[in-house]
Amino acid sequence: MREIRRRNPHIKNTDIGALDDVNEQELAKDGANDGVLEQQQETKKVSLTDKAAERDKKAPLPLKVEKKEEQVVIATEPEQTETESEPKQAPPRPEREETEEQEDEPKERKTGGLYVAFIALCALLSVAVVLYAALGRPSEQMPTERLPSEEMQTDASDSTVVDPRPLYERIADCAVTVRIRTEDGTRISSGTVVFSDGYVATLWDAVENAELLEVTLKNGASYEATLVGGNALSELALLKIEATALEVPVAADGISVGQTVYAVGAMGSNAYASLSSSLCSGNVSFGTRNLRVNDGDAQKFIKAIQLDGFNAEALGGCPVFNEDGAVVAIMINIGNDAASFALPIGEVMSVLSSVRAGEELTEQAVSALAYPCPRLGVACETVEDGIKIAAFTSVESDVAKKLRIGDVIVKVGEATVTDTDSLRAQIEKHKVGETVEIFVQRYGQILSFYVELSI
């Protein structure tokens, strides 16, 4: 009755009897509804069970047992009793989508897990490589003791260090000091004994204007010297003193770039401040060059060995020795702080032998050592087609007799010339007195002439 009053508050107490009838009718309706609901639930359960069985038949064999276990779970979950006083539960939803998600979830987890494991393994390997490179070989990266390399040990064992002291004792007697007195005063130069019967080689520019010459040996003995001969073209002069059995150096067979060489001579040009018999060392920085130097108003080419480590101005005329004590060259006063030059001993001895024999030192006689720069004998300017002749240095020259002012030089031999530098380069490939073919353009025609080169 209380339940009825609660559900129908508008009913009065006087209608209790009528309410009882209403109550019985509502209860009957509720019972009928409950029966219908239970029947629908049972029908849905059977339907779900049949669908699960069909899915199990279609599913792959490895998943069959797992799906049967899920079917049991689905069948047992609804085994619950409901009371009329509890709220009614909604019918269970189909489990197809949930089941498919559960099937895919292990695969995704497995794939993701493998990917994470692979990344972690790569990271560990990278760290291991870095650590090995940094700390794995400490003896190579951070040596605890500084040791010479294998290559350095090999070089040290194979190399031979020459002691210059015994070498100096052998070669110093071949080097002499030359004192030159002129009207301007007295100066000092160096010289080399080249023949044992009293012949000494020195530089021509040091002695050509001498009034008195004096040669001093290493042992202190001094002799008055006589100028036998020489010339400016060769840079050499030969002196004679009254002494015999002098120490003569052995001539070297050749030189090589990088070779260590020594010079012994009088350092300085002042007679009161010279340092005679001084030993200096250097290297061969280049082989023989045809060195262009000024020779008064003209120019010449001289065959010279390029050296470094020497003061050419202070050591002019002194002998240059190799590590075996053989003389390789005679130093000349040509050079600067970067390089100095010396005349090769073979050519030097050839020239001095001619002087000793009393022969005249012609250009041909010294041509193996030095020769004048050949000249075409024209003053010219560069034009569009070649080199135009503007004047001749001598009207008596062979080129002045054959070519004309206004001719444009286009070729020397087979080589085309386009400016004065290229013309000079082609002319200097020859020597004075040689004949070359010159091609010129004259009045629109190309003509050729053979002309003799002059100084």
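## Helix H12 and its buried side

In this predicted model, the buried residues of helix H12 are Ser422, Leu423, Gln426 and Ile427. These residues lie on the same side of H12, because they cover an arc of only 135° around the axis. An α-helix has 3.6 residues a turn, so residues three or four places apart point the same way. The cover over the buried residues of H12 includes strand E14, strand E15 (387–392), strand E16 (408–412) and strand E17 (415–416).

Is Leu376 buried or exposed? Its relative accessible area is 7%, and Leu376 is therefore buried, the cut-off being under 20%. Not counting residues up to four places away in sequence, Leu376 touches Val399, Ile409, Leu423, Ile427, Ile438, Val451 and Leu453; among these partners, Leu423 and Ile427 belong to the buried residues of H12. The C-alpha atoms of Leu376 and Phe392 are separated by 9.0 Å, the two residues being 16 residues apart along the chain.

In helix H7 (residues 164–171), the residues Leu167, Tyr168 and Ile171 are buried. They cover an arc of only 105° around the axis, which puts them on the same side of H7. The face turned away from this buried side carries the exposed residues Arg165 and Glu169. The packing partners of the buried residues of H7 are strand E1 (175–182), strand E7 (260–267), strand E8 (275–295) and strand E10 (319–321).

Gln306 is a residue of strand E9 (residues 298–308), and it counts as buried because its relative accessibility is 15%, where the cut-off is under 20%. The side chains of Gln306 and Arg289 are joined by a polar contact of 2.6 Å. Beyond residues up to four places away in sequence, Gln306 touches Asn283, Val284, Ser285, Phe286, Gly287, Arg289, Ala339, Ser340 and Phe341.

Ser340, one of the residues that Gln306 touches, has its place in strand E12 (residues 340–344) and is buried, with a relative accessible area of 0%. Leaving aside neighbours within four places in sequence, Ser340 is in contact with Ile305, Gln306 and Leu307, as well as with Phe310, Ala312, Met331, Ile334 and Gly335.

Most residues other than glycine have a negative phi. Which phi does Glu235 have, although it is not a glycine? The phi of Glu235 is positive, at about 70°. Glu235 lies in the loop between strand E5 (222–230) and strand E6 (236–240), where it is buried, with a relative accessible area of 12%.

Tyr443, which is not a glycine either, has a positive phi of about 50°. This residue is found in the loop between strand E18 (435–442) and strand E19 (445–452). Whereas Glu235 is buried, Tyr443 counts as exposed because its relative accessibility is 75%, with the cut-off for exposed at over 50%.

## Cysteines and the overall fold

How many disulfides does the structure hold? The structure holds zero disulfides. Cys174 counts as buried at 2% relative accessibility, whereas Cys380 counts as partly exposed at 25% relative accessibility.

Taken as a whole, the protein has 12 helices and 19 strands, and buried residues make up 34% of its 455 residues. Among contacts between residues at least 6 apart in sequence, 55% join residues that are at least 24 apart.

How values were computed. Residues are numbered from 1 along each chain as its sequence is written. This is a predicted model: local features need pLDDT of at least 70, side-chain atom pairs count only at pLDDT 80 or more; totals for chains, interfaces and linings use all residues. Side-chain values use heavy atoms; hydrogens and water are left out. Helices (H or I, at least four residues) and strands (E, at least two) are DSSP runs, numbered from the N terminus. Buried means under 20% relative accessible area, exposed over 50%, partly exposed in between (1.4 Å probe, protein chains only). A polar contact is a pair of N or O atoms within 3.5 Å; within protein, one must be able to donate a hydrogen and the other to accept it, and residues adjacent in sequence count only if both atoms are side-chain atoms. Contact means heavy atoms within 4.5 Å. A disulfide is a pair of cysteine sulfur atoms within 2.5 Å. The arc is that of the directions from the helix axis to the C-beta atoms.
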